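Q: I am new to this structure and would like to learn how to read its main features. Could you take me through them step by step?

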Amino acid sequence: MAVDLADFDPQVVAEYDITEDDLRRVEHYLRLLRGSDAPALKDIAVGGYYGTSALLHEVVELDILLKRELRLLEMNRDDALVFWCFNEDAHARALAPDRIRCAGAGPRVAAGRIRGGRLKLACKPIV
């Protein structure tokens, strides 16, 4: 996956403090669980709006999982898959950034990022 942060929505990258390290960790995580041809890697590689959405989902999911198991990315595939299966709620929680609608003028979508044990939510207008 030859992408860098310049390929994604810069406002989202800045707002959710997504770093190059996050990008590399997500890539490692997806390869660990799904192999080198993981569909999510292809989604992220698109960049732009769609790739940003896919990246944000994986960053949020991985943040949740790493809070539960710091050594997740050091596990072998089998152990990582077992861990993921016992923590499927992380995937569901990571869907929220693109799905939650906020109150306010016009349709808006909420997105969140866990940092320091807090979920940061922000509403973005849907254009």
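The dialogue below goes from the overall layout to the core and then to the packing of helices.

A: This is a predicted model, in which local features need pLDDT of at least 70 and side-chain atom pairs count only at pLDDT 80 or more, while totals for chains, interfaces and linings use all residues. Residues are numbered from 1 along each chain as its sequence is written, and side-chain values use heavy atoms, with hydrogens and water left out.

Q: How many helices and strands does the secondary structure of the chain come to?
A: Helices (H or I, at least four residues) and strands (E, at least two) are DSSP runs numbered from the N terminus. Here there are 6 helices and 2 strands, and along the sequence they follow the pattern α-α-α-α-α-α-β-β.

Q: What percentage of the residues in the chain is buried?
A: Buried means under 20% relative accessible area, exposed over 50% and partly exposed in between, with a 1.4 Å probe and protein chains only. Of the 127 residues in this chain, 43% are buried.

Q: Which residues have the most contacts inside the largest nonpolar core?
A: A nonpolar core is a set of buried Ala, Val, Leu, Ile, Met, Phe, Trp, Tyr and Cys residues joined through side-chain atoms within 4.5 Å. The largest one here has 33 residues, and those with the most contacts inside it are Phe8, Tyr29, Leu30, Ile44, Leu55 and Leu72. Each of α1 (10-15), α2 (20-34), α3 (39-45), α4 (48-68), α5 (77-85) and α6 (89-99) supplies at least two residues of this core, and the largest share, 9 residues, comes from α4.

Q: At what angle do α2 and α5 pack?
A: Two packed helices are described by the angle between their axes and the distance between the axes. Axes are lines fitted to C-alpha atoms, for helices over the stretch in contact, and angles run from 0 to 180 degrees between N-to-C directions. For α2 and α5 the angle is about 95°, with the axes 8 Å apart, which makes α2 roughly perpendicular (65 to 115 degrees) to α5. Contact means heavy atoms within 4.5 Å, and here Tyr29, Arg31, Leu32, Leu33 and Arg34 of α2 meet Arg77, Ala80, Leu81 and Trp84 of α5.

Q: How far apart are the axes of α2 and α4?
A: The axes of α2 and α4 lie 10 Å apart, at an angle of about 80°, so α2 is roughly perpendicular to α4 as well. Among the residues making this contact are Tyr29 and Leu30 of α2 and Leu55 of α4.

Methods. Angles under 35 degrees count as roughly parallel, over 145 as roughly antiparallel, 65 to 115 as roughly perpendicular and the rest as oblique.
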